[in-house]
Amino acid sequence: MSVNCTVRRSVAAHFQCDKCGSSLCDDCVIIRETNGYSYGGTNKDYFCPACEMTVRMIGLGNVMEPFWTRLTSIFLYPLQPTPLILTFILSLIGAFFPGNVFVSMAVWIIMMKYAYAALTETAQGALTAPKVTWELINQDVLQVFKQFAVFAVIGVVSGTIFGFSLIAGFIFVIIIVACIPSIIMVLVSSNSILQAINPLLFMPIIKRIGWPYLLMYLFLFFLLAAPAALFSVLPLENMNHTVVGFTSLFCSQLYSIISYHLMGYVLLQYHE
């Protein structure tokens with residue numbers, strides 16, 4: 001049963017005050033920021049406007065719109081001014097320095113940091129794109145390389161299993177590939193390689209989400225394949241190399257932001 005805001009009765013409530021019993025939506029709750037270690041360098045605390053007490057989140061999965069009914073908003077997420085400008089600038093830099101390893105690496109790190117921030121803040125209930133701050137870009141840069149480490153561990157384990165049995169190896173690969181979105185969710189949320197590769201953490205996420213996890217997986221697969229599909233119909237032979245490089249980077253970065261925002265929204269919808 002949906003719970004609506006006490007003040008704006010036609011809007012779903014995301015917060016509950018245990019002292020006065022008020023139900024509050026995002027616009028009615030009081031948000032106070034303090035210095036912390038989250039993306040952007042701040043922590044957000046939520047308070048009741050009537051009694052100034054801390055409020056708690058209430059069953060978002062029961063009151064918020066399912067992700068498959070708001071795909072338009074999810075696809076439009078990176079077209080907000082901040083991610084759009086960031087993507088344009090990074091794509092432009094990458095296109096003009098295609099052979100520079102350091103430039104390409106810097107572009108990739110900044111984009112992945114922003115994509116991680118999009119996942120994290122979406123999972124915390126912020127459906128607007130995060131601002132670009134020095135703390136967001138510079139804080140814990142090694143985090144983006146942990147994804148490589150996770151995949152390296154998976155590769156080593158896969159190779160070991162294949163060494164014992166081809167059938168067991170193929171089964172393991174099929175299962176682990178299906179679990180990659182939940183593994184990334186755990187990695188970005190916990191910033192821990194050990195937690196990301198722990199089946200006791202990423203498997204319950206899949207169980208909690210249920211069949212919509214498969215739907216999310218299909219959307220992520222189509223998002224991954226979309227840039228390749230676009231370039232298959234473009235007249236690349238008649239296009240300038242810089243334009244091709246810019247278009248490739250721009251599309252791949254937009255789709256990365258969409259994908260991580262989608263995973264963050266699914267975490268928000270199905271969180272315990």
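In this predicted model, the backbone oxygen of Ala-118 lies 2.6 Å from a polar atom of the side chain of Thr-122.

- Leaving out residues up to four places away in sequence, Thr-122 touches Tyr-77, Leu-127, His-261, Gly-264, Tyr-265 and Leu-268.
- Thr-122 and Val-266 stand 144 residues apart in sequence, yet their C-alpha atoms are 9.0 Å apart in space.

**The largest pocket**

- The largest pocket has a volume of about 850 Å³.
- It is lined by 28 residues, and those closest to its centre are Gln-147, Leu-224, Ser-256, Ser-259 and Tyr-260.
- By residue class, the lining of the largest pocket holds 21 nonpolar residues, 7 polar residues and no charged residues.

**The nonpolar cores**

- The largest nonpolar core has 37 residues, and the members with the most contacts inside it are Phe-67, Ile-183, Met-216, Tyr-260, Leu-262, Met-263 and Val-266.
- Leu-262, one of the residues with the most contacts inside the core, touches Phe-67, Ile-74, Met-216, Phe-219 and Leu-220 when residues up to four places away in sequence are not counted.
- A second, separate core has 13 residues, among them Leu-86, Leu-90, Val-107 and Tyr-114.

**Two further threonines**

- Thr-247 has its place in helix H11, and its side chain reaches the backbone oxygen of Val-243 at 2.8 Å.
- Thr-247 counts as buried because its relative accessibility is 18%, which falls under the 20% limit.
- Apart from residues up to four places away in sequence, Thr-247 touches Phe-231, Leu-234 and Met-239.
- Thr-82 lies in helix H3, which covers residues 81–96, and Thr-82 is partly exposed at 28% relative accessibility.
- Beyond its neighbours within four places in sequence, Thr-82 is in contact with Tyr-114, Pro-130, Lys-131 and Val-132; of these, Tyr-114 belongs to the second core.
- The C-alpha atoms of Thr-82 and Ile-197 are separated by 32 Å, and the two residues are 115 residues apart along the chain.

**Residues with positive phi**

- Most residues other than glycine have a negative phi.
- Glu-52 has a phi near 65°, a positive value in a residue other than glycine.
- Glu-52 lies in the loop between strand S4 (42–47) and strand S5 (56–57), and Glu-52 is partly exposed, with a relative accessible area of 40%.
- Asn-191, also a residue other than glycine, has a positive phi near 60°.
- Asn-191 is found in the loop between H7 and helix H8 (193–196), and at 25% relative accessibility Asn-191 counts as partly exposed.

Terms used: Residues are numbered from 1 along each chain as its sequence is written. This is a predicted model: local features need pLDDT of at least 70, side-chain atom pairs count only at pLDDT 80 or more; totals for chains, interfaces and linings use all residues. Side-chain values use heavy atoms; hydrogens and water are left out. On a 1 Å grid over the protein atoms alone, a cavity is a set of points where a 1.4 Å probe fits but cannot get out, and a pocket is an open set with protein on both sides within 12 Å along at least five of seven lines; lining residues have an atom within 4 Å of a point. Grid points are joined across faces, edges and corners, and a volume is the space filled by probe spheres set on the points. Ala, Val, Leu, Ile, Met, Phe, Trp, Tyr, Cys and Pro count as nonpolar, Asp, Glu, Lys and Arg as charged, and the others, Gly among them, as polar. A nonpolar core is a set of buried Ala, Val, Leu, Ile, Met, Phe, Trp, Tyr and Cys residues joined through side-chain atoms within 4.5 Å. Buried means under 20% relative accessible area, exposed over 50%, partly exposed in between (1.4 Å probe, protein chains only). Contact means heavy atoms within 4.5 Å. Helices (H or I, at least four residues) and strands (E, at least two) are DSSP runs, numbered from the N terminus. A polar contact is a pair of N or O atoms within 3.5 Å; within protein, one must be able to donate a hydrogen and the other to accept it, and residues adjacent in sequence count only if both atoms are side-chain atoms.
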